[in-house]
Amino acid sequence: MTVMEQRGAYRPTPPPAWQPRTDPAPLLPDAEPYRVLGTEAAGEADPELLRRLYAELVKGRRYNAQATALTKQGRLAVYPSSTGQEACEVAAALVLQEQDWLFPSYRDTLAVVARGVDPVEALTLLRGDWHTGYDPHEHRVAPLSTPLATQLPHAVGLAHAARLKGDDVVALAMVGDGGTSEGDFHEALNFAAVWQAPVVFLVQNNGFAISVPLAKQTAAPSLAHKAVGYGMPGRLVDGNDAAAVHEVLADAVRHARAGGGPTLVEAITYRVEAHTNADDATRYRGDAEVETWRQHDPIALLERELTARGLLDEDGVEAARQDAETMAASLRAHMNQDPALDPMDLFAHVYAEPTPQLLEQRAQLRAELAAEAESEGAQR
Ligand SMILES: Cc1ncc(C[n+]2csc(CCOP(=O)(O)OP(=O)(O)O)c2C)c(N)n1
């Protein structure tokens, strides 16, 4: 038989039937960000929850203003303001139960404070004083993470471990739009979905990663669409609508707690102020854009709803403002005191077992401090 005849006789076996491993349709985000305030859904929102959100939003904005002022007075090294993003910050903290864990980024001080961390201790890291400043275990709040997206694999690890141990714990991890381009984002979401870990990822899409706009960050239809590639649901929400963010996150937390696995939530919001006090935002964006977002302000949106429903009057507005002022005055008073610091603490908690280099540097500093103390003693 010739080669051609042999080929003619060859009948390839058909490959096994292929079908997607899961139906992607239920994982897809809605076409529009979910909204509650100003819609019919608002009528079903719990009045107590709305009032609580309002009080926290007002306090949060005042906290941002005070912390930014402290940078100008040299009392705080740096502050990344979340003005305009308060709804995401507050809702993230309020949806969690006591035993749950929050994994914040450097911009999420308000979420940390709303979760119960002392407002002064929450600024320790940004003041450049002493490590994290608060005990992460006390309120189950991981350190504010400056290296982008590194908090996400930590959240997945903690949640997965809790599940293996049979503990009822959900982890909520916060990240910015820029952070979604990091390898850690990919690794965290991939493992979370494979392990069905009880994690909720909240991406605050505030339009910019410092000066880089979202269009230069990703070609994805939305950041929520990224969820589908990992096999988890993606949800889109109006990040300035506190009631909507709270509802979407609460659903995701419930889903995770019930063993349904992770969810990726993209909250559409806007960073109204500069990246930090060290940034000049006028170099990369125009006033008109900022003004448009100021018209969609999270506090004004909620205030309008509460007022329309007769749940807030002028006295209520004034009481919230007063509470916020009291908090700001206390923050000022504490931050204006010089902290008592031991320079030797620099070397504590770096490694479980200090390296030879660290031991050498520690001895050097101890000797310098002793010599300084001696010369000061001699001068007296
Ligand atoms: C791994 C890493 N790379 C770069 C930086 C420098 N950096 C600090 S903030 C930032 C922008 C992050 O933007 P985004 O994730 O959108 O968060 P936002 O600041 O808007 O809240 C960058 C690039 C960093 N902190 N960590």
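Is H275 buried or exposed? At 13% relative accessibility, H275 counts as buried (buried means under 20% relative accessible area, exposed over 50%, partly exposed in between, with a 1.4 Å probe and protein chains only). The model is a predicted one, so to speak of local features takes a pLDDT of at least 70 and side-chain atom pairs count only at pLDDT 80 or more, while totals for chains, interfaces and linings use all residues. Residues are numbered from 1 along each chain as its sequence is written, and side-chain values use heavy atoms, with hydrogens and water left out.

H275 sits in the loop between β7 (263-268) and α11 (287-294); helices (H or I, at least four residues) and strands (E, at least two) are DSSP runs numbered from the N terminus. Its side chain and that of R107 are joined by a polar contact of 2.9 Å. Such a contact is a pair of N or O atoms within 3.5 Å; within protein, one must be able to donate a hydrogen and the other to accept it, and residues adjacent in sequence count only if both atoms are side-chain atoms. Neighbours within four places in sequence aside, H275 is in contact (heavy atoms within 4.5 Å) with P80, S81, Y106, R107, I210 and Y284.

Now for the ligand. R107 turns up here too, along with Y106, G178, G179 and F208, as the nearest of the 15 residues around the ligand (a residue is near a molecule or strand if one of its heavy atoms lies within 4 Å of it). The side chain of N206 puts an N or O atom 2.9 Å from an oxygen atom of the ligand. On its own the ligand has 580 Å² of accessible area, and the protein covers 72% of that (areas come from the Shrake-Rupley method with a 1.4 Å probe; for residues, only the protein chains shown count as cover).

Zooming out, the protein has 14 helices and seven strands. Its C-alpha atoms fill a box of roughly 110 × 65 × 50 Å along the principal axes. Of its 380 residues, 45% count as buried, and the accessible surface comes to about 19,600 Å², with 53% of it belonging to carbon and sulfur atoms. Among contacts with a separation of 6 or more, 76% come from residues 24 or more positions apart.

Then there are the charges. The count comes to 15 salt bridges, each being a side-chain nitrogen of Lys or Arg within 4 Å of a carboxyl oxygen of Asp or Glu. One of them pairs E325 with R62 at 2.8 Å, N to O. E325 lies in helix α13 (residues 314-335) and R62 in helix α2 (residues 47-72), so this pair ties together parts that are 263 residues apart in sequence. E325 is partly exposed, at 27% relative accessibility.

R257 and D100 form another salt bridge, with their closest N and O atoms 2.5 Å apart. Here R257 belongs to helix α10 and D100 to the loop between α3 (86-94) and β1 (101-103), so the link spans 157 residues of sequence. R257 is partly exposed, with a relative accessible area of 24%, whereas D100 is buried at 0%. R271 and D279 also meet in a salt bridge, at 3.9 Å from N to O, and R271 is buried at 0% relative accessibility. Salt bridges with shared partners join E32, R35 and D238 into one network.

A polar atom of the D241 side chain does lie 2.9 Å from the backbone nitrogen of A244. Beyond four places in sequence, D241 is in contact with R35, V36, L37, A87 and L301.

Q151 is buried, at 3% relative accessibility, and its side chain makes a polar contact of 3.2 Å with that of S145. Neighbours within four places aside, Q151 is in contact with F103, P104, S105, S145, M174 and V175.
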